[in-house]
Amino acid sequence: MKSVYCLNPISNAGMSRFDDTYCIADSIENADAVLLRSASMHEMTLPDSLLAIGRAGAGVNNIPLDSCAKKGIVVFNTPGANANGVKELVIAGLMLASRDIAGGCHWVRENKDDPNIAKTAEKAKKAFAGNEIKGKKLGVIGLGAIGVLVANAASELGMEVFGCDPYLSIQNAVRLSHHITIVKDNDEIYNQCDYITIHVPALDSTKGMLNKRAFDQMKDGVKILNFARDILVNDADMADALASGKVSRYVTDFPNPAVVNMPGALVLPHLGASTEESEENCAVMAVNQIMDYLENGNIENSVNYPSCSLGYRKKASRICVCHYNRPNVISQLTSLFGEAGVNISDMVSKSRGEYAYAMFDVEAPVSDEFEKKLEAMENIIRIRIL
Ligand SMILES: NC(=O)C1=CN([C@@H]2O[C@H](COP(=O)(O)OP(=O)(O)OC[C@H]3O[C@@H](n4cnc5c(N)ncnc54)[C@H](O)[C@@H]3O)[C@@H](O)[C@H]2O)C=CC1
Ligand SMILES: O=C(O)CCC(=O)C(=O)O
């Protein structure tokens with residue numbers, strides 16, 4: 001029986017895919033796999049039993065990817081599965097930044113006991129007037145799953161859209177509308193856009209990228225949208241930019257003690273992916289990937305190991321090896337197979353940075369002793385015999 005522990009509620013659309021060879025555990029102890037959304041795993045002690053972590057979502061800054069890789073724990077995410085949910089909220093964010101919808105709703109609630117509210121509203125409404133987004137310039141930083149959808153949708157709404165992504169994939173480039181202007185660096189976005197929306201992962205290299213240096217280059221009154229992660233924006237610099245009017249609105253999906261106290265900031269409680277559809281898409285993808293890894297050893301959409309597959313397991317045994325990406329590992333493994341008289345019928349080996357993964361289908365079941373010999377080899381992180 002394989003044991004799965006959930007750190008956050010995961011949609012039943014995904015959970016119902018687990019058959020009776022799986023149980024949903026009450027604790028992480030002895031779990032084979034963990035499923036989660038935004039819970040932080042950085043401070044957790046992970047059990048030796050843990051083989052895989054499935055992030056039902058895109059961002060993986062809540063998971064210690066490298067220490068997991070060193071323990072042979074494969075971490076998966078669900079690329080694109082919640083992108084439409086986020087895109088729709090970003091479009092709402094553009095409207096919230098342009099018209100004082102939030103202020104208007106607040107005024108109505110405050111005046112709910114006024115019997116003449118219809119008349120009073122006609123006088124009061126001028127305080128909540130705004131601008132239309134049509135014809136305005138939008139800069140999209142990060143043209144991944146979400147950025148591309150946001151860029152295309154904003155263009156459809158009549159905005160002039162500029163996008164920047166130094167690592168733009170071919171897959172995303174072909175999805176991008178030909179109406180979008182791709183610029184070489186973010187400075188070209190900063191100095192001409194009326195609205196700037198950021199859709200990059202939280203990495204050491206992106207942390208605090210929207211800072212004083214960036215704000216200084218922007219147009220006065222620029223509106224900033226952040227549906228990616230709070231640490232991408234330097235909060236102290238944002239507070240100054242809002243106070244001076246350099247930034248006229250900051251719409252963010254990430255409440256923190258600094259941002260909730262900033263006049264001019266509109267803060268949502270991390271709602272980007274909180275739609276039934278996104279939650280289902282992410283859960284189904286995460287569960288499928290975890291099941292395929294636990295049952296067949298195949299890796300798809302990992303963020304710390306390479307993609308690698310031998311399809312469904314048909315042979316007597318499948319040997320899966322997480323190892324360091326160093327010279328000679330595969331030849332040492334295959335020599336050991338030869339010495340033990342284990343015949344390989346199929347194999348695949350892939351690497352990603354410091355780590356690598358190899359799969360071997362063999363004709364006959366292998367002994368515990370053979371498994372121990374494999375485990376004892378230099379540069380081997382984890383052996384799994386399926
Ligand atoms: N508010 C919410 O609920 C959600 C937030 N997110 C956040 O949004 C981020 C993006 O999500 P996806 O688009 O699905 O990810 P993605 O991986 O498809 O796209 C990220 C893009 O950013 C680009 N990039 C990386 N560094 C860059 C830089 N310095 N400048 C410009 N581009 C850069 C990458 O090349 C990639 O194309 C996630 O990492 C996550 O933090 C994702 C889903 C839901
Ligand atoms: O699961 C969630 O609500 C968070 C989504 C998110 O931030 C992500 O996918 O990166």
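This is a predicted model: local features need pLDDT of at least 70, side-chain atom pairs count only at pLDDT 80 or more; totals for chains, interfaces and linings use all residues.
Residues are numbered from 1 along each chain as its sequence is written, and chains are lettered from A and ligands numbered from 1 in the order in which they are written.

**The protein chain as a whole**

- The secondary structure of the protein chain comes to 13 helices and 16 strands, where helices (H or I, at least four residues) and strands (E, at least two) are DSSP runs numbered from the N terminus.
- Along the principal axes, the C-alpha atoms of the protein chain fill a box of roughly 85 × 45 × 35 Å.
- Of the 386 residues in the protein chain, 40% are buried; a residue is buried if 20 or more other C-beta atoms lie within 10 Å of its own, exposed if 12 or fewer, and partly exposed in between, with C-beta atoms placed from the backbone.
- Among contacts in the protein chain with a separation of 6 or more, 63% join residues 24 or more positions apart, two residues being in contact if their C-beta atoms, placed from the backbone, lie within 7 Å.

**Domains**

- The domain assignment gives domain 1 (1-81 + 276-305), domain 2 (83-267) and domain 3 (306-386), with bounds that come from an automatic or database domain assignment.
- The centres of domain 1 and domain 2, taken over C-alpha atoms, are separated by 32 Å, and the contact takes seven residues from domain 1 and seven residues from domain 2.
- The side of domain 1 that touches domain 2 has two nonpolar, four polar and one charged residues, where Ala, Val, Leu, Ile, Met, Phe, Trp, Tyr, Cys and Pro count as nonpolar, Asp, Glu, Lys and Arg as charged, and the others, Gly among them, as polar.

**Surroundings of the ligands**

- Around ligand 2 lie R37, S38, G57, A58, G59, N82, H270, G272, A273 and S274, a shell with two nonpolar, seven polar and one charged residues.

**The seven-stranded sheet and β6**

- An open sheet of seven strands has the order β8-β7-β6-β9-β10-β11-β12, with parallel pairing; two strands pair if DSSP finds at least two bridges between them.
- At the edges of this sheet stand β8 (181-182) and β12 (265-267), each with a single partner strand, so one side of each is left without a neighbour in the sheet.
- Strand β6 (residues 137-141) is mostly covered, since four of its five residues are buried.
- Five bridges pair β6 with strand β7 (residues 160-164) in the parallel sense, with L138 opposite V161 and I141 having C164 as its bridge partner.
- Strand β6 is also joined by four bridges to strand β9 (residues 195-198), to which it runs parallel, and in β9 the bridge partner of I141 is I198.
- Together, β6, α6 and β7 make a right-handed β-α-β unit, a crossover being right-handed if, with the strands pointing away from the viewer, the path from the first strand over the helix to the second runs clockwise.

**Strand β4 and its partners**

- Both faces of strand β4 (residues 52-55) are covered, with A52 and G54 on one side and I53 and R55 on the other all buried.
- Strand β3 (residues 33-36) runs parallel to β4 and is joined to β4 by four bridges, L36 having R55 as its bridge partner.
- Strand β5 (residues 74-76) pairs with β4 in the parallel sense over three bridges, and I53 stands opposite V75 in β5.
- A right-handed β-α-β unit is made by β4, helix α2 (residues 65-70) and β5.

**Two residues with positive phi**

- H270, one of the residues around ligand 2, has a positive phi of about 50 degrees although it is not a glycine, and H270 is placed in the loop between β12 and α11 (276-296).
- With 16 other C-beta atoms within 10 Å, H270 is partly exposed.
- N328, also not a glycine, has a positive phi of about 80 degrees and is found in the loop between β13 (317-324) and α12 (329-339), where N328 is exposed, with 10 other C-beta atoms within 10 Å.

Technical notes:
A residue is near a molecule or strand if its C-beta atom, placed from the backbone, lies within 6 Å of it.
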